[in-house]
Amino acid sequence: MTGGQRDIQRDIFLVSNSVDEMGGVTSWSHHMARLFTERGHRVHVIGITTPEDPHDLGELPYPTARLYDGQPPAPGRARDASMRDRATRLTRLFAAARPGGVVIVTQVWAMEWVRLADTTGLTVIGMSHESYETSKASSRFRRVLKHYRDVDRMLVLTREDADRWITEGLDNTSFIPNAVPWLPDTPSPRTEKSVISIGRLSDEKGVDMLLDTWSELAPRHPDWTLKIYGSGEDEELLRKQCTALGLDASVRWMGRTSDVPGALRGGSVFALSSRGEGFPLALMEAMAMAVPCAAFDCAPGVHEIIADGENGLLARPGNTGELACKLDQLMSDKGLRDRMGETARENIRRYGAEEIVDRWEALFTFLER
Amino acid sequence: MNRTNGVNVGVDQRPAMSVVVIVYNDEARLPTAVRSVLEQTLRSVEVVIVDDHSTDGSYETARRLAAEHPDRVRAYRLPENSGGCGAPRNHGIRETRGEYVLFLDSDDVLERNACRNMLEAAETTGADLVSGLCVRVHVDTRTRKEVKWYPWLYARTRTLDSISELPDLLVYDTLSTNKCYRRDFLVEGGLEFPVGIHYEDLFFSAQAYAAARRITLIPNRVYDWNVTESAAAKSISNRRAEIANFAHRMEIHRRVDRLLADRDMGALKFHKDVKFLKHDLVLHLRDLPFRDAAYRQEFAALARAYLTSIDPAAYDEVEPIHAICAYLLRESDWANLLPAVDTLTNRDKVSAPLVERDGRIYWCDAGHLTDPFARRILDVTELGYHSRSVEKLFLRNELTEYRQEDGGGVVRLAGRVTNPLGVIPPAARLTAELEFYARRPGVRFRTFRVPVPEVRHGGAYVNWQATANVSKTLRPLGIVDAVWDVRLHLDVDGKRTTSRLTAAEPDLATGELPVRPRLTRLVADRVAPQISARGHLAFRLVPDKKANVLVTRGLRGTPGRLAKSGYRKAKALRKRATSGDTKIRLYHEVFLRMPVHKRLVVFESHLGRQYSDSPRAIYEEMRRQGLDFEAVWSYSGKPDGFPSDATLVRRWSLPYLRALARAEFWIDNQSYPLKLTKRPGTAYLQTWHGSALKRMGFDEPGWKLKSRAEQAEQQRTLDRFDHFLIRSEHDVHTLAKAFRLSEKTLLRVGYPRNDELVQARGATERPPLAAELGIPANKKILLYAPTFRHHGQRRFSLPFDVERFAETFGDEYVLLVRAHYLNHVVLPPSVRGRVIDVSAHHDVTPVLALADALITDYSSVMFDYALLDRPMLFFTYDYEEYVHEGRGTYFDLLERAPGPVVRTEDELHALLTASTLEEQSVKYASARERFVADFGEYDKGTAARRIVDEFFSEWRRK
């Protein structure tokens, strides 16, 4: 399939677990909805549930819908009946589509409703926004295999993840990477001697391993600080660990931020110490800001974004000694930081919004052949 | 979903794909094949059916399909039958209009997404050829068994700019059907199937691979190759066909070789040669024992002609037995080839008498060994046959006579058991018996034994003769025991070696014998000998009575199905009852509720593999002091070498679990099963098995990476330790921290296993082990003890030439080799007496105490051996790989090694040549002292006694 040519104008339905929560997939849906709308498509963003504390979406250039005002009934007979009922609402929404309409199901849980709706005449695309390994370790694995078996295309984030799903028997799998959310005009000046980490303070993000790593680095680099952005359920535990490791002097807990570019302007190196990832946005944002990264190579998405030694550095997952070694390289060598930061900024353009939307439109056309 | 609003392929619109479906006399299955194309998720596909002039209704069926789908299906018929796949496919290519072409046989089907996936790959990469995974579906089996066709080639998506990047693709995946070809690529390149010869796919695929400018492989399943087992017996005419097929195969191979040579791809021929030796040839060699002399000669002539073109270097790339068979076939040495084929079929069998020449072991001599090439091929020293005792050998037992006496139920059997390297000594006391047993896996064994009155030693063979009254002996239970296998137990001075009876010639064993089944004679009352696929003699009930037809119908019908599924359920139930989960439940719900058994101690070392290390040292000290207690030792595998004055229990057995649940003490150096919780009334004394160089526990990446819940689970198993032995503060900073142990569990007493070493320090007399190993007093003893290494499939091999070592230093030193207990080492006979494998000794400590110097790399024995204050050499040939690519180390060995570090074999030789052990000892004396202070400060030679004082003083008899 070849991109480039402008696609016909389509009705595109983006169906997620929720349209107004903070998670990565929801932000992705709204980002794509905006991009598709800019191309002249008619976009509908649909959520299954409504969270108790909905995130304010502000003014949107496309309509949204929610199947439930709160949560659906607990699994069982009541849930089944309500699912059939709400699926008819989906059917009504879908029926209004012009020929060439597309349903994009961003999370497998939402597929349980979509599969009950009538999608005749529409192209149905199912997505998994995490690495194969992460799915494999969760209950989503079986559900992806079951509910996405008959969709027109199942999409993951990298070729490598797609190959793993195919080998597992999902022969309709392909991939499209995520788009970088923005490409700023002014990069980080990389003047402040800080290592930045941005992410939820949860087990999956591995901040405990970053602190272990930092305990090897801090004595060697007394003039550097580690700035940890984010909040979450593990904050207290992590702060205790930090104190126990004697790192309070060099670690700064920055809390949650809505100004990611601003945060990145306050540092010269970015660290990613996650246990699992999909196609990490934080990494793309740092690279877009020309901040060189050192990361655990914990998912195909990570080595898809970072070419080790060219535009960033990779360490084997969990090997804190090695991650410390990579960070040390960047912290000790300004020339290397500048070189890798600029290369990163250049390289990350391949995930620019234009390129990615072209790929989506080409896929819509291809699936009609 | 998007299935109904498809854009139909108009007459004037070129389809993306054309699928050429060929058919010959297969009207029943053709519609299924065609439907699998029409129902593709990609709609822009056309079908071109080519009928090879069938005599059934295939062409009519094809025309009907074309009429039903006029836009998408066309049907053609060849004017006369071509007898192959080549002509119809060539015709099909000419009739296609799509941008890409695929081939499908009328009995197979395409996966639903095959065309879409191949098209996506082709358009994304611009490949001339896209190939996907083919799956062989055994449609006759109950579960429709599926076998993937060379899946390792299709593990991931990859694009090749030339087949030279992946020779295995050309060599192994020789199918034409799991691929899609750009039509212009076929037409402009003039690529066609050869006609009038079998194996046309081999040539076509090789040709396409060689011509393609780009090839993309996709992991997607694209093609289902439906396989039906043909039960047709192989008749003489089939034999003729077999030879003709083989001739065709050789001709195709020659054509492919020419093609590669013409295209300047000669290097690929080497890979083809390797596969020929280990695959193509083997398929035919395995049949040889079942074929008569005329067939063998014809086959050999054809194969020999081709073998001359095989690169001699290819022989080095295959397993020894493959090379040996090819070589013996080339040399027409039938007397040695047929036994070799037996080993080819039964890999663990030793089928040749073997010869020893100049310290090496060879498969056979027969005049071959004057040729250096033959010596290389026939050298089987590395297989270690010479280091195995008779009860560990599976020997070839050739049936030389089978005679039915007077047409009755009595059979005279004679045979000869191979005696490799005289492993059965001439003076050995020999007795033997034949055993008949019903082939019924998983159910109660029914066996009958017949004495073998005559067993004679005959040098390279042991000959035997017996008369078996089969009619009286074999009492099948009606039709249940349909097949009976036979084996010979040969006792050599009380050691038993068991062999199967191999019929080396076809038609040696024939004729039917009357038997009396126990339940009913209605079904069968005769057995006939038969030879199994592995070449072994068996007997099968002859089912030709009328009643049997009824019974058979019953077996295949509903009653049989019910009986069989009941049997399967019973088997599954038994498996569940003995599963680990059930045992763990039993442990917690029954055994743990029984009272603690006072003074019961369960010992274990290295997961039950050995009677060794600190648990042994503590146990022996407790015995020495005559304590009043009950000892249980755990073992895995065989209990040989474990103490006779303790109760021995197999690891994971019910007695083992009961003992652990009730014990007052657990004493172990690694870990008891992780899933077993320890009750508070039991004290766990964890001795551990060595100080750490490499990162351990929660300092290892693998542990760090675990989720919080998994880490907590792991911690629970570590928190079972009530006491943990410590040799130095280094252990506190590494092991204790890595296992997150609390200070109160740490016992700073040193290792009981090392008491012996501390006491041996400065000893002047050699321990008795020297005499046991036959080491002369005038030679110094070096010990080579490397750490564990992962080798995947490959055998562990020493990182230096052991023969060269023995040659150079054999007059001065005896080298002991101690491989890690998970690795296995083979020494050639040439180094006998100069290099000794001591890996099988349970305990390493006496070996350490014996050695005058140690050569190691990163093994933790360095920390223990240092206590002896004797020279140590560090042979770290793979330091970078081991230290940096592994999980990391706690300190830099190169900085702190208490002895010289060498990186290559030559450096090792140079070091041993340049200086004596005494000089080494003096030079590094202070470094060793520092090393002991850093890593063994608490090893004072009294650890075992202090532990007894601390925990068991109450148990002293008053």
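This is a predicted model: local features need pLDDT of at least 70, side-chain atom pairs count only at pLDDT 80 or more; totals for chains, interfaces and linings use all residues.
**Figure 1. Domain layout of chain B.** Residues are numbered from 1 along each chain as its sequence is written, and chains are lettered from A and ligands numbered from 1 in the order in which they are written.

**Figure 2. Where domain 4 meets domain 5 in chain B.** Domain 4 of chain B brings 21 residues to the contact, and domain 5 of chain B brings 15 residues. Two residues are in contact if their C-beta atoms, placed from the backbone, lie within 7 Å. On the domain 4 side, the elements giving two or more residues are helix H18 (613-624) and helix H22 (729-738) of chain B. H18(B) supplies the largest share of that side, three residues. Helices (H or I, at least four residues) and strands (E, at least two) are DSSP runs, numbered from the N terminus.

**Figure 3. The seven-stranded open sheet of chain B.** The strand order is E28-E27-E26-E29-E30-E31-E32 (chain B), with parallel pairing. Strand E28 (647-650) and strand E32 (746-747) of chain B are the edge strands; each has a single partner strand, so one side of each has no neighbour in the sheet. Two strands pair if DSSP finds at least two bridges between them. Strand E27 (residues 630-635) of chain B and E28(B) run parallel and are joined by four bridges. Look for B:Val632 opposite B:Thr647 in E28(B).

**Figure 4. Antiparallel strands E23, E24 and E25 of chain B.** Strand E23 (residues 513-514) of chain B runs antiparallel to strand E24 (residues 526-531) of chain B, with two bridges. B:Leu513 has B:Val527 in E24(B) as its bridge partner. B:Val527 also stands opposite B:Leu541 in E25(B). Five bridges hold the antiparallel pair of E24(B) and strand E25 (residues 537-541) of chain B. Their hairpin has five residues between the strands, and B:Gly535 takes a positive phi near 90°.

**Figure 5. The buried side of helix H25 in chain B.** In helix H25 (residues 802-809) of chain B, the buried residues are B:Val802, B:Phe805 and B:Ala806. They span an arc of only 95° around the axis, which puts them on the same side of H25(B). The arc is that of the directions from the helix axis to the C-beta atoms. Their cover includes strand E34 (813-817) and strand E35 (835-837) of chain B. A residue is buried if 20 or more other C-beta atoms lie within 10 Å of its own, exposed if 12 or fewer, and partly exposed in between; C-beta atoms are placed from the backbone.

Figure 6. Seven strands make an open sheet in the order E3-E2-E1-E4-E5-E6-E7 (chain A), with parallel pairing. Strand E3 (64-66) and strand E7 (173-175) of chain A lie at the edges with a single partner strand each, so one side of each lacks a neighbour in the sheet. On average, neighbouring strands of this sheet are turned by 25° against each other, direction ignored. Strand E5 (residues 123-127) and strand E6 (residues 153-156) of chain A pair in the parallel sense over three bridges. A:Gly126 has A:Met154 in E6(A) as its bridge partner. Helix H6 (residues 159-167) of chain A packs on the sheet and touches E6 and E7 of chain A; its direction makes about 175° with that of E7(A). Axes are lines fitted to C-alpha atoms, for helices over the stretch in contact, and angles run from 0 to 180 degrees between N-to-C directions.

**Figure 7. Chain A as a whole.** Chain A has 14 helices and 13 strands. Its radius of gyration is 22 Å, close to the 21 Å that the globule rule gives for 369 residues, so chain A is as compact as a globular protein of that length. The radius is taken over C-alpha atoms, and the rule is 2.2 Å times the number of residues to the power 0.38. Of the 369 residues of chain A, 50% count as buried.
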